[in-house]
Amino acid sequence: MKKKTKSRLRNSLFVPFCAAILVCVLGAAANSFLFYKNFFRALTKLNEEPIATITFKYKTAQRKFLDRVVWDRLRQNSPVYNGDTIHTSNFSEATIWFSDGNIMDLSENTMAQVFLSEEKALRAELSGGSAVLDSSDAQEGMTLSSNGISVRLEKGSSLSAKSSADKSSAQKNLSLQVMSGKASVQKNEKGEEKLFAVGEGDSLVLAETGDFKETAVKMLEPSQNAKILYHSDGSKKVDFKWKTENSDSDKISTLLLVSSDKNFKDIVYRFFSEKQSGTAFDLKPGIYYWKLSALQKEEEKDSQTGKIQLIQSPLPELLVPVPQYEFNYRTKLPAVRLIWTESPYATSYRLEIASDEKMKNLVLDQRQNLTSAIISTLKEGTYWWRVTPYYTVNKIGLSSPSEIKSFSVRKKGNLPVPEVLVPLDNGIVNTEVSAKGISFSWKYEDDAAKYTIKIADNPNLSSPKIKRQTSENYITFDPKELNLADGKWFWAVNYVDDEGNVSKSSEVRAFYAMKGSPEQHTIEPVDGYRSAQSFVPDTKFTWKRNLPENFETTFELSSDKDFSNIIYSEQTKNSSLRGLNLKPGTYFWRINSKSTTDEMNLISSAKTFVVLDSLEAPELKNPGSKAVARETVPYKFEWEEVEDADFYKFAIYRADSKNPVYEENVYGTQVGVDMFNPKEFADKSNYRWQVQAQSNAVPGISSRRTGKLAEKSFYLVKLRPVEVAVPSQNAKINGADAILNPVTAKWNSVDKVKKAQFVLTKTDENPPKTIIKIPSDEEFNGKKNSVAPSEVLLDTADGLRAGNYEIIVYAETLDGIDISNTDKKKRRAFTVLPIEPLEKTQNLEAKPAVFNREYLSVKGNPKNITLSWEKVPMATDYFLTIKDKKGRVLLEKNVKNGTSYKIDFTAISPEEKLLFSKGKFSWSVVGVRRVDADKDGKLDKILQEGIVSESVFETDIPTPKKSKAKGAANPYGK
């Protein structure tokens, strides 16, 4: 009883519980809906007409109404009202489309307020950031204001502007560039108005005095916020063009920096020029920042910055239908589906279909937002189509169409007549009750919806005994269901398509119904067997039959499938036949048995027999008229592949002999032969070589085949490379002797040489370093023959340093054969042993250790860094190396006088200033001892080297910086 009570209690609480859950879910849904409406309630005004709409890229933009302090998160195509303030954040761009045709593009971290006066004049207040105004298609121009400056843009003009919100800064806070047309600049100063005009290409900045001045350098191309759209693969070549205004006393040079970040930490390109006013760089897709500086007396006089966005948008590729595709129909026009690939940055596509290849006679011209379309209005004919993307970037519009491809629409005629397959004409059907199902089949038709089969005792198929429909291209009857009497019967098939069209009936085919299984079929060769012509007489044709004695059997061979052209027939009582002679070609054979007592005729299915000609002779590639054999590398013989070849018979003969000196079966199209060492191959002798393609037999499929012979002659030369006699292989030379008593290297050659080059390489450096090269590459590769002396002194200005060396002599004989000792075993290697090193350099010191603003602010501090160290005993001079944090060598210096080096920032070039302007640098010093090796009173050879010592110094040199505008000072109205 207790268990029943608990169960009833649970059942009574289930319904209230579900009701409570439902109420909670409805409440949550209503709350979400009200929150959504409340969140976006300020996006529109009911009592005011918008003056523009806004679109944005990458991230959303924000908008604040004139009479509110709350910022809205905008959606695409949101309305913009009079007095609205628009703000873009990091990595966000927005475009304001004014109703009169004016356009204003806002870059990231930009704030602007837009106004429409009672006289319907547009004005924008730029509080900070970058903007581009375009009045090219506007009814009237508009005004841009910033920091007390007003710029009136005329109709048909465009300009770019940059403004800083930090008005207290003494640096420039406004720059302008007129990209096209004209503009007038107006400034209020102490109650007076200054007004002047600027034209296309002019660039102005606000000077520290508060007046506008023209920049000393003006970037003409690209503009400050250029967007470059291109459609090719890879990178894009971008042209930079500028002009400078030189003073009479000092000429102005220019420095162009292109960076992938706005702070110019990752410099992509650097270009310095004193004369040029333009250059070009290859840039990959992405956003880049450029800075063009005017330098006067190696100091920055003026600069201009901008941004480039390279947009790669490959042309659309037409995918469906494939070229020359055919759409078919009979009564209903087909639905033609067109598909193409997306072209990035395209907002829509223009789809054109024309009746001519030049696309002049358009039958369809429509705009598509998607990359596909289905057209159901095209009548019979051939059509050409293309797709043109529509780009809003730079107001390009329709541009760069795809290639033109064609397709056709064809109205079909009558339905094809079906082709019956099984049973064969005059074939035998076993109608015994115990037999398996009796199958009828025919060729599949694409247009068929249903097939109808008829079986009757007359060729007209009148009053058919069997009439059946099926959706398949076959049907199987149970012998009991078919219930056919022994004798001759006839059958045929027709079909109907989806549109209700009925095809003509197939040919009427006869078959014999009988109880039992009379047997007649062919055995070998199998269907499709391929035989070489030389093996046809030995090919045995076999078959099997089990027919009554009143049947006569004939072997038939035809050149066509229908046996309308029988080229050989023979009546036989045997079950095989051989001895045929046939030309290359395709043949068909069968067994035809006829009854002598009635009209019954049993014909086996036909089999294909292919007679093949000999394989083609291979095309011989290498060697040509001459073969050069080397001692360590087998000579490679090569030829072109022959179709159907499994292997090749390869043989080499002396020119006057029939017996091969070398032969091999090669399973490929090349083989390596050692012709240097064997006695069968004599130097400077004539030989010939042969290749013959062979094909293996595949049991039951094809016989073996032999190809035609290919033969070629060549002249054999054995290569004897140059030999280096001195120094000996792997010799070890005392380090002091290598400097004070240099070794003389000697080389010789068996053959006379036309040219030779002696090269000594130090192999233990990365990469290996060339020490001696006689003659130079220009002389060695020149028109005149140049031969290195057979004896070369192994000496340099500093002598041979300790390490591993290698000698290679590149040489060529009088008849043009390379006899260089480039093989690893032939190269001459030796080692110069190290000399006891000098002591390690001590007490490396950089003054100052940190060269920065604090150091320079102290009056009297020199503008240089002094690197010093202690003198190393017995050292005559020092090698100084400075590297950046990535290990790149910035400076290498041989300090011959003293133990210090000074980096003077007042004397070094602008390029070196940039290298050492900011970062952490490592520097190292090693002492060396030079001796007077040639006794001329001068220390000329390095005898000993010390141990390297390392230290670091750091620089952070202040450079002129642009104002750090980060958008609105009070972006959220707090």
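## Strands and a charged patch

Strands here are DSSP runs of at least two residues, numbered from the N terminus. The model is predicted. K886 sits in the loop that runs between strand 71 (877-883) and strand 72 (889-895).

K886 has a relative accessible area of 63% and is exposed, because exposed means over 50%. Together with K265, K885 and K918, K886 forms a positive surface patch.

## Aromatic pairs

How many aromatic pairs are found in a search of the whole structure? The search gives 39. One of these pairs is W543 with F555, which is stacked, with 5.9 Å centre to centre and 25 degrees between the planes. W543 belongs to strand 45 (residues 541-546) and F555 to strand 46 (residues 551-558), so the pair ties together parts that are 12 residues apart in sequence. W543 and F555 are both buried.

Ring pairs also build a cluster elsewhere in the chain. Its members are Y635, F637, W639, Y648, F650, Y662, F681, Y687, W689 and F714.

## Salt bridges

Side chains of opposite charge can pair when their charged atoms come close. The structure contains 26 salt bridges. One of them joins E352 and R386, whose closest N and O atoms are 2.9 Å apart. This pair links distant parts of the chain: E352 is in strand 29 (residues 346-354) and R386 in strand 32 (residues 381-391), 34 residues apart. Is E352 buried or exposed? With a relative accessible area of 3%, E352 is buried, because buried means under 20%. E352 and R386 are also part of a network of salt bridges that includes R350 and D365.

A salt bridge also forms between the side chains of K621 and E640, at 3.9 Å from N to O. K621 is in strand 52 (residues 620-622), while E640 is in the loop between strand 54 (635-639) and strand 55 (647-654), 19 residues apart. K621 is partly exposed, with a relative accessible area of 43%, and E640 is partly exposed at 35%.

The side chains of R827 and E806 form a salt bridge as well, at 3.5 Å from N to O. R827 lies in the loop between strand 66 (803-813) and strand 67 (828-832), and E806 lies in strand 66, so the pair ties together parts that are 21 residues apart in sequence. R827 has a relative accessibility of 27% and counts as partly exposed.

Definitions and conventions
Residues are numbered from 1 along each chain as its sequence is written. This is a predicted model: local features need pLDDT of at least 70, side-chain atom pairs count only at pLDDT 80 or more; totals for chains, interfaces and linings use all residues. Side-chain values use heavy atoms; hydrogens and water are left out. Patches are made of residues with over 30% relative accessible area and no salt bridge: like charges are joined within 9 Å, nonpolar side chains (Val, Leu, Ile, Met, Phe, Trp, Tyr) within 5 Å. Accessible areas come from the Shrake-Rupley method with a 1.4 Å probe; for residues, only the protein chains shown count as cover. A salt bridge is a side-chain nitrogen of Lys or Arg within 4 Å of a carboxyl oxygen of Asp or Glu. Lys and Arg count as positive and Asp and Glu as negative; His and the chain ends are not counted. The place of a charge is taken as NZ of Lys, CZ of Arg, CG of Asp or CD of Glu. Helices (H or I, at least four residues) and strands (E, at least two) are DSSP runs, numbered from the N terminus. Buried means under 20% relative accessible area, exposed over 50%, partly exposed in between (1.4 Å probe, protein chains only). Rings of Phe, Tyr and Trp (its six-membered ring) pair if their centres lie within 6.5 Å; planes under 30 degrees apart count as stacked, over 60 as edge-to-face and the rest as tilted.
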